Amino acid sequence: MRKPIVGISLKLYQNQIDDARNFAHAIVEEVGDEKKVEQFMCPGMGVLYPVAMILKDSEIGLGSQNIAPVPNGAYTGEFSIESLKEMKGGYAEIGHIERRTLFNETDDMINQKVRLALDYEVTPVLCIGEVTKTENYQEIKALMKKQLFLDLFQIEGKKAEKIILAYEPAWAVGKTCAASAVHVQQVHGLIRECIKELYDIQTSENIRIIYGGSVSQENTKLIVSDENVDGVFVGRFGHNPKQYASIVETVKKVKEG
């Protein structure tokens, strides 16, 4: 039985320390003692430390929205996994579509980051997904398999199982509507098939796959009702702590069956 999971990323929306602290406090008050659903929060880099201090005594894990491909060295402006570890961070978001497109991150660099996170016992939240909307599922599967092959290159099955895969189609990220539940469930099944083909059935059954892309209170229940969807990665619809808590509660109820 895979443990359900809900993550939230604040991107670059919440950059004032007081705002970030207040938000983290509110989230902790709402769902900070929830144990049945694994949770993590990725604050903006500038407020990572103050938020870390608030999350440290809760059940909510700390994540960074990015890491450098190396632990240290001459990489001006990058964020080190060594800093994340010192802040007791346990998650690193890697390969988000905005990193791939706006900052030209290659699959090779993403692979370096995933391997580095695993070496430091940090859970990579590896974002994958198609850029253009299509209902050609053979095409989507081919793209997913290529991304997974490149991003997970030289990572053996036991380590791969520790990765959280976040299916985030670019055409649904930051939009008014999420991908349909039917589409999400179909693609999650294909992703699991890809993992089985790249690794084995055990790895495909153990790895967790979550959906991100305009997740809201209204669509969470349908999206996570499929066995291949292990949770959601929330964006702007989680900026209201009560809405975020409602999403966590919905995932818990659906997965408890």
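1. Contact here means that heavy atoms lie within 4.5 Å. Read in that way, and bearing in mind that this is a predicted model, Cys 194 touches Lys 141, Met 144, Lys 145 and Leu 148 when residues up to four places away in sequence are not counted.

2. Where does Cys 194 sit? The place of Cys 194 is in helix H8, which covers residues 181-198. Cys 194 counts as buried because its relative accessibility is 0%, and the cut-off for that word is a relative accessible area under 20%.

3. The next point concerns aromatic rings. A pair of aromatic rings is described by the distance of the centres and the angle of the planes. In this model the count comes to four aromatic pairs. One of them joins Phe 40 and Tyr 91, whose ring centres are 4.8 Å apart and whose planes meet at 20°, so the pair is stacked; the cut-off for stacked is planes under 30 degrees apart. This pair links distant parts of the chain, with Phe 40 in strand E2 (residues 38-42) and Tyr 91 in strand E4 (residues 91-94), 51 residues apart.

4. Phe 40 has a further ring partner, Phe 233, and here the centres are 5.3 Å apart with the planes at 55°, so the pair is tilted. Phe 233 belongs to strand E8 (residues 231-234) and is 193 residues from Phe 40 of strand E2, which makes this another link between distant parts of the chain. Together, Phe 40, Tyr 91 and Phe 233 form one aromatic cluster. Are these residues buried or exposed? Phe 40 and Tyr 91 are both buried, and Phe 233 is buried as well, with a relative accessible area of 3%.

5. A ring can also have a charged residue over its face: Arg 99 lies over the face of Phe 103, at 4.2 Å from the ring centre.

6. The last point concerns strand E5 (residues 123-128), which is largely enclosed by the rest of the structure because six of its six residues are buried. In a regular strand the side chains alternate between the two faces of the sheet. In E5, Thr 123, Val 125 and Cys 127 point one way, while Pro 124, Leu 126 and Ile 128 point the other way, and all are buried.

7. Which strands pair with E5? E4 and E5 pair in the parallel sense over four bridges, and Glu 93 stands opposite Val 125 of E5. E5 also pairs in the parallel sense with strand E6 (residues 164-167), over four bridges, and there Val 125 stands opposite Ile 164 in E6.

Definitions and conventions:
Residues are numbered from 1 along each chain as its sequence is written. This is a predicted model: local features need pLDDT of at least 70, side-chain atom pairs count only at pLDDT 80 or more; totals for chains, interfaces and linings use all residues. Side-chain values use heavy atoms; hydrogens and water are left out. Helices (H or I, at least four residues) and strands (E, at least two) are DSSP runs, numbered from the N terminus. Buried means under 20% relative accessible area, exposed over 50%, partly exposed in between (1.4 Å probe, protein chains only). Rings of Phe, Tyr and Trp (its six-membered ring) pair if their centres lie within 6.5 Å; planes under 30 degrees apart count as stacked, over 60 as edge-to-face and the rest as tilted. A charge sits over a ring if NZ of Lys or CZ of Arg is within 6 Å of the ring centre and within 35 degrees of the ring normal. Two strands pair if DSSP finds at least two bridges between them.
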